[in-house]
Amino acid sequence: MSTSTISTGNGRTYLRLQARILMAPAILLLVVCAILPLLPTIYYSLIDYRLLASTSHDFVGATNYARLITDPGFLPAIGNTLLLNGLVLTISVLVGLGMAMLIDRVIVGRGLLRLLVIAPFFVMPPVAALIWKNLLMQPVAGLFAWVSSVFGAGAVDWFSALPLVSISLIVAWQWVPFACLVLLTSLQSFDREQREAAELDGASSWAIFRYLTLPHLARPIAIVVMIETIFLLSLFAEIYVTTGGGRTTNNLAFLIYSQVMLQYDIGVASAAGVVAVIFANILALVMVRLVGRSLEA
Amino acid sequence: MLGGRQFICSAIAMLALAGCSADGDERTILTVATVNNGDMIRLKEFTSDFEKAHPDIRLKWVVLEENVLRQRVTTDVAIRGGQYDIITIGAYEVPVWAGRKWLTGLDDLGPGYRADDLIEPVRDVVSYGGSQYAAPFNGESSITMYRTDLFRKAGVVMPERPSWEFLIDAAVKVHRPAEGVYGLCLRGMAGWGANVPLITAMANSYGARLFDEKWQPQFDTPEWNKAFGTYVGALRNYGPPGASSNSFNENLALFAQGKCAIWVDATVAAPFLSDPQSSTVADQTGFALAPDQGLGRSSSWLWTWALAIPSSSKKVAAAKRFVKWAAGPAYQNLIAQRVGWLAVPPGTRKSLYTNPEYRKAARFADITLQAISESNPRSPTIRPVPYVGIQYAAIPEFQGIGTEVGQQFAAAVAGRVSPENALAEAQAATRRQMTAAGYYE
Amino acid sequence: MQRTRLSSAARRTLTWVLALAIAAPLLWALLASFKSELEAIASPPSFLVFDWTLENYRSVLANGDYLHSLRNSLIIAGGSSLLVMALAVPAAWAMAFAPTRHTRGILLWMLSTKMLPAVGVLIPIFLFYRDWGLLDTQLGVILLLTAGNLPIAVWMLYANFNEVPGEILEAARMDGASIVQEVLRVLAPMALPGLASSFFLIFTLAWNESFWSLNLTTTDAAPLTAFVAAFSNPEGLFWAKLSAASMLSIAPVLVIGWLCQRQLVRGLTFGAVK
């Protein structure tokens, strides 16, 4: 779709050189700020480095990794990471897509609508978790409990019965604005005439959606999925604030947090970090295979 | 162009605000890191009083919730970041950090500080090797709080020193979930500072202990099984829904709205519950000691938030002057005069509890003093133990152990595992961590 | 005819109801910020009829350093967002209009820099910052926030630029416009909604970022995230005050968001003329 190739040989080389120069600063910053810290992390993962113990930083090889992987909470953490990711992605993309399509059709008050939908994005994540936990989901005095009592139903004990689902709801709520914003922006460049023509021809809404809208949105959806996945892999604040952790809610990032901030074992934490990077790479490869085609023109 | 107007506006705003910094004075700047509880926020409010009395010092404050603060301060002190001159630490940190020589000794705060006025266990718990390493700012134990009106209606009379069986019997009688009143509220949320202190202290009263003399974890003993089984049964049957996510604040909110009949928790809840501004049942709240099984130890605990000076600080002399002022008796009088007796940081000094005006203003004063005075952090359990600490073990590994153990405990309350399995997992997890830390070589 | 009118009215209602449902938790916190602490957690809850009070705002403003934190947030979030855009726009342009076979690889690599959870790299960064005097400085936080948000910006701008037809740009280039002119005069107006929404997204992400901004600052560079964190989870009832502190932290972003909105609207009408 983006036809930017210039036919003349010289023009092409000139463009490519300029392109490299244009990309260089961004790449340089990322290398310095994001890759460089990875090196000491790998080093720490191979030594005995506990902040509170008076240890010398002995080389211990794979001991940290072994301790991490043989911990009974490790595999559940990986599973929870995937579950959390999947749930949040599903909810936020579906709701974001729905809202984007609804808002796209409204003319009056679109600015206010957009602001309402973007509202969750404004709140600090730990504060959002506290508000949901204590003001909304509290089974005794929360707003949800009151609403369900109005309908004659009992309150849902969110964090006891459905801990991972509850956390996923909170996080998905925070990401709906992102999905909606990206998809709405993309919808705005959608060819309305084409859709109106199809409607006049008698095509059903579902057919229009499936064969016209969805392909147009394929790339933005892929982008939303990739970006959210990456962000969700680092999630831990909401887990800590709501449940304090546990087998059913710990994810990989929480394990790292627990090692750094509670056990102060930097060696194992760094090992967990390296494992997280490997895991994320695998996940990204899988995702790219699933949605990657949509990423490019 | 791209929001050009808004860029210009924000740039101007930034420049304008940037010009407002006034950092040109010669005063010593002390960075103080505190917990965000009411007493310490009030301490911050009185900064100008301190600065007027000590014109060569300026204070900068970092105020955070206790878990975040602990992480920040520990990280900074451990790698000697030097960001803080005065830190707030708890009873748990003092022995561990003093042993690592991370803290400056505070034996030389002078007679004005009146170290002899400190309640003995509180002074004991901030000392290490005979020296004092932190200045207690406020202290707490745990007590039983209950609804006198509900007890009267059910015809139950609360003894001064109830047992756990008595409390649970009473809870059965006052438990009315249909009316939104739950018999017994207890901490259930996972956390080494959340549910673990309560359950450990409760286990102490049943004769249990965290470790034996050889540092073997004791979660597989009959005492622990009895204590923990009682706790889980009581909380699941007579506690509020969502108990496995309730910590101090959540239970405080429930009790203050009249939804709990009995609550065993920290003495610092008492001022909140006695104040009509923060409790709908202020007039119907009674206090009793924490449950005691009569085996020799009650289930009350001991904690203090204390001001300390990292040994890496370069402004030790000035820091000591602040510590002396903030943790000394003069500050307590200052608060009493300017704000009121109920605002004085409780739980540290005997003089506060012998003061008739304080005892008149605070109905819970006597019982708080009794609970604190009776605690014994150096001999917290019936059978001997190699650690100090009642509701914790003052070893560096305890945070990590307590985290995992707490998660298992919470899972039992949520009904995901049986109490026996939770204890077995806790036992295994603790052994793993102690082995990795090298305790069994 | 009749059916279309009805269903469009129904659709409009549904849209507003759902939008309000999404914003509801925030609106509920807004209400709570005007209630007393006891009122905020009361059940059954009170919606509009209660004792409205400004006590929470007064208390929060008296106990925290709002202006100081606000200034830090503006500098940190604004500075890092501007820096991100300055780096991302050229990079995204290059990838969208001069793609090579490495383009997709570079895009994925950029995203992969976010794979290591920040908490895992805290100690190395902390040590480095300590040795280089970057602790408790605005610059220190700006650097990390820029690196964190740059991949997002590049991805979003790449997607946006891809929707701009390349022929128009080429036509401008054929007409002799330099790259700078091409970007400013031709690309920017067409990609304006995308540029504005990307900036707003990055800005808000930086504004609410609560890991680096809390761990690398103490007093001088502490932004609004630290201001709000001070009211989080103290011993006692705190939800009304926390809501008030949050609202004070959200207000500036709302203003900037509204301004970005207007740019979006302008971009829209431009697009319609196409």
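Which residue in β2(B) does Thr31(B) stand opposite? Figure 1 has the answer, and the other views follow from there. This is a predicted model, in which local features need pLDDT of at least 70 and side-chain atom pairs count only at pLDDT 80 or more, while totals for chains, interfaces and linings use all residues. Residues are numbered from 1 along each chain as its sequence is written, and chains are lettered from A and ligands numbered from 1 in the order in which they are written.

**Figure 1. Strand β1 of chain B and its partners.** Thr31(B) stands opposite Lys60(B) in β2(B). Strand β1 covers residues 28–35 of chain B, and eight bridges join β1(B) to β2(B), residues 57–64, in a parallel run. β1(B) also pairs in the parallel sense with β3(B), residues 86–90, over two bridges. There, Val32(B) stands opposite Ile86(B). Strands here are DSSP runs (E, at least two residues) and helices are runs of H or I with at least four, numbered from the N terminus; two strands pair if DSSP finds at least two bridges between them. Because six of its eight residues are buried, β1(B) is largely enclosed by the rest of the structure. A residue is buried if 20 or more other C-beta atoms, placed from the backbone, lie within 10 Å of its own; it is exposed if 12 or fewer do, and partly exposed in between.

**Figure 2. Helix α7 of chain C, with its kink.** Helix α7(C) takes in residues 138–162 and reaches 34 Å from its first C-alpha to its last, close to the 36 Å expected. That expected span is 1.5 Å times one less than the number of residues. At Asn149(C), shortly before the proline Pro151(C), α7(C) has a kink of about 35°. The bend at a residue is the angle between axes fitted to the seven residues ending there and the seven starting there. α7(C) is mostly covered, with 23 of its 25 residues buried. Around this helix, chain C has 12 helices and zero strands, and 58% of its 274 residues are buried.

**Figure 3. Chain A and its two domains.** Chain A contains 14 helices and zero strands. Its C-alpha atoms fill a box of roughly 75 × 75 × 30 Å along the principal axes. Domain 1 spans 1–36 and domain 2 spans 46–295, with bounds that come from an automatic or database domain assignment. The C-alpha centres of these two domains of chain A lie 32 Å apart. Of the 297 residues in chain A, 51% are buried.

**Figure 4. Where chain A meets chain C.** This contact takes 88 residues from chain A and 84 residues from chain C; two residues are in contact if their C-beta atoms, placed from the backbone, lie within 7 Å. Helix α1(A), residues 9–35, gives the largest share of chain A's side, 13 residues. That side divides into 69 nonpolar, 14 polar and five charged residues. Nonpolar means Ala, Val, Leu, Ile, Met, Phe, Trp, Tyr, Cys and Pro, charged means Asp, Glu, Lys and Arg, and the others, Gly among them, count as polar.

**Figure 5. Where chain B meets chain A.** Here 31 residues of chain B and 27 residues of chain A take part. On chain B's side, the elements giving two or more residues are α4 (66–78), α11 (248–256) and α18 (398–413). The largest share, seven residues, comes from α18(B). By class, this side of chain B has 14 nonpolar, 13 polar and four charged residues.
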